[in-house]
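This report describes selected features of the structure shown below.

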Amino acid sequence: MMECRLHCKSENEKTCGSNAKQMPRVIVVATDGSPGGNRAVDTAARLAKATASDVVVLTVGGNISGAELRRLAGIEGDVSEVLESRAKQILDRARKRLRRRGVTAAKLQSAWGDPAQVIIDTVRREKADILVIGRRGRGRLAGLLLGSVSQKLTSLAPCNVMVVP
Amino acid sequence: MRRPRQITSILDQKPLLSRFWQSASQFWREQRAWAAGLALFLIAVVLLQLLLQVLLNLWNRNFFDALERKDGHALWIQAQLFLPLAAASILLAATSVWGRMTAQRSWREALTRHVVKTWLDKDRFRHLNHLIKGSENPEYRIAVDVRIATDAPIDLALAFFSSVLTAIAFFSVLWTIGGSIDIAVFGLTITIPGYLVFGVIIYSGAVSALMAIFGHHLTGVVERTNQTEAEFRAAVDAFREESKPLEGRPSDIDKRQTLQLELQAVLLWWREFCWQLVRTTLVSHGNFLFAPVVAWFLCVPKYLSGAMSLGELTQSAAAFVVVQGAFNWLVDNYQRLADWRSSAYRVGTLLLALDELEAKERSDRLSSQHK
């Protein structure tokens with residue numbers, strides 16, 4: 001059984017959504033397509049099914065390997081288009097995972113920029129009650145050097161945050 | 001809303017270069033006498049610089065020969081000779097900078113005036129952005145890209161000319177001073193004439209091959225990095241021009257996201273550019289350390305056998321490094337070439353867009369006359 005950590009905000013810190021004691025109505029789950037992100041989607045699906053909440057799946061930013069970039073340099077490929085299509089792929093896979101776990105309707109969003117900031121903006125815009133994230137995404141080295149996205153979100157997010165290991 | 005794609009990524013790039021060259025070469029065609037005079041002056045400076053390089057190389061030999069003989073009088077003469085040689089070399093270097101930059105400034109002025117005139121004529125600048133793809137951010141193309149596109153060809157052409165002449169001149173130094181070497185193989189003695197020439201060709205070939213392996217993506221990556229930077233600037237400009245006072249509406253959020261996406265693309269290309277430079281630095285810095293040492297090692301057998309004096313050894317080693325440096329023209333100018341190509345493409349794109357607008361104006365005029 002997976003152990004998830006729920007970081008609850010005190011009442012005066014809350015800026016959106018309902019009380020922590022109440023059932024969540026909107027769940028925002030952020031994924032980058034990594035195993036950690038996939039586990040976050042699975043957890044969000046179970047939670048949404050149990051509480052009949054709406055799910056918003058968000059993917060932020062994108063990466064392209066050096067080999068792929070070098071290939072694009074040779075064929076005049078457009079990085080922005082590749083990034084958009086990668087984001088679409090991640091969201092499609094997340095939708096399939098949600099469906100497999102019984103969640104048929106979900107709002108899919110892709111965005112670009114600083115992941116922590118974009119996720120917080122989305123949480124505010126969607127008036128989310130809970131944010132579900134993986135503990136580790138793809139950027140392990142960057143996480144070690146700069147602090148991980150999940151660490152930032154547990155400190156800064158304006159709602160409860162569930163960090164999936 | 002996505003921005004229109006750059007014309008460079010849609011069209012074949014050859015028409016862009018030829019359109020750029022059509023306008024850029026106007027300066028050399030119209031002011032033929034002045035341009036030819038300047039070109040001859042620059043060539044003369046390169047030839048004089050080469051002559052001084054050969055004289056300094058010769059001075060190097062004489063100085064070390066005097067040192068080996070512990071001949072104080074000869075050393076004093078060499079020291080006196082060095083001053084006029086150094087003064088002439090410094091003066092020529094300064095003259096070369098003046099000549100190159102004067103040519104670059106004049107060429108840039110002519111091309112910029114031409115582009116600005118076409119851009120301003122009949123208020124074309126008002127219609128350009130919205131009508132024709134590939135004309136985004138014309139201010140940057142006129143101000144910066146024209147400068148890069150006219151600066152680099154002069155530097156590159158002079159460097160190429162100088163490299164070819166340097167290689168030829170110092171080949172003869174290596175051939176005559178290095179002479180031949182005898183190598184014993186399985187009891188047979190093989191004589192290699194001008195062995196330092198073969199040595200420098202093999203060494204330079206190896207370095208160039210390594211550079212080609214390590215950095216063959218560099219030009220493409222530099223071009224794409226520059227292009228993505230230009231697209232990011234265009235997206236920022238478009239955002240400023242099109243954004244409405246009220247924020248937070250869906251369309252505004254979309255535009256912000258487009259901006260962030262362009263930034264992400266820039267950052268990814270920069271990351272790859274960084275890795276390409278890391279890879280090529282491995283070769284270029286290795287070459288910087290190894291080239292003189294390889295030269296010394298190739299000369300040492302003849303020096304130890306007494307067939308070469310210390311002065312000849314230092315002269316040959318210096319000539320080896322100079323020829324090797326001349327061979328590296330392409331390698332050293334990889335990035336400059338890529339910068340030039342991407343800027344020339346962007347100027348060519350703007351000129352094509354202005355041509356298209358001009359053609360549209362003509363057809364509109366004709367149709368209004370028929371009415």
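## Helices α3 and α10 of chain B

In this predicted model, the crossing of α3(B) and α10(B) is right-handed. Helix α3 of chain B spans residues 32-69 and helix α10 of chain B spans residues 310-327; their axes come within 6 Å and cross at roughly 150 degrees. Angles over 145 degrees count as roughly antiparallel, so α3(B) is roughly antiparallel to α10(B).

On the α3(B) side, the residues making the contact include Gln53(B), Asn57(B), Phe63(B), Phe64(B) and Leu67(B). On the α10(B) side, Leu310(B), Thr314(B), Ala318(B) and Val322(B) are among them. By type, the residues of this contact divide into 7 nonpolar, 7 polar and 4 charged.

## The hairpin of chain B

Strand β1 (residues 181-185) of chain B pairs with β2(B) in the antiparallel sense, over 5 bridges. Within this pairing, Ile183(B) has Ile190(B) of β2(B) as its bridge partner. The two strands, β1(B) and β2(B), form a hairpin with 2 residues between them. In the turn, Phe186(B) has a positive phi of about 50 degrees.

Strand β2 of chain B covers residues 188-192, and of these 5 residues the number buried is 0, so the strand lies largely in the open.

## Contact between chains B and A

Between the two chains, 17 residues of chain B are in contact with 16 residues of chain A. Helices α8 (218-242) and α9 (250-304) of chain B each supply at least two residues of the side that touches chain A. The largest share of that side, 10 residues, comes from α9(B). The residues of the side of chain B that touches chain A divide into 6 nonpolar, 7 polar and 4 charged.

Conventions. Residues are numbered from 1 along each chain as its sequence is written. Chains are lettered from A and ligands numbered from 1 in the order in which they are written. This is a predicted model: local features need pLDDT of at least 70, side-chain atom pairs count only at pLDDT 80 or more; totals for chains, interfaces and linings use all residues. Axes are lines fitted to C-alpha atoms, for helices over the stretch in contact, and angles run from 0 to 180 degrees between N-to-C directions. Helices (H or I, at least four residues) and strands (E, at least two) are DSSP runs, numbered from the N terminus. Angles under 35 degrees count as roughly parallel, over 145 as roughly antiparallel, 65 to 115 as roughly perpendicular and the rest as oblique. A crossing is left-handed if the near helix is turned anticlockwise from the far one by less than a right angle, and right-handed if clockwise. Two residues are in contact if their C-beta atoms, placed from the backbone, lie within 7 Å. Ala, Val, Leu, Ile, Met, Phe, Trp, Tyr, Cys and Pro count as nonpolar, Asp, Glu, Lys and Arg as charged, and the others, Gly among them, as polar. A residue is buried if 20 or more other C-beta atoms lie within 10 Å of its own, exposed if 12 or fewer, and partly exposed in between; C-beta atoms are placed from the backbone. Two strands pair if DSSP finds at least two bridges between them.
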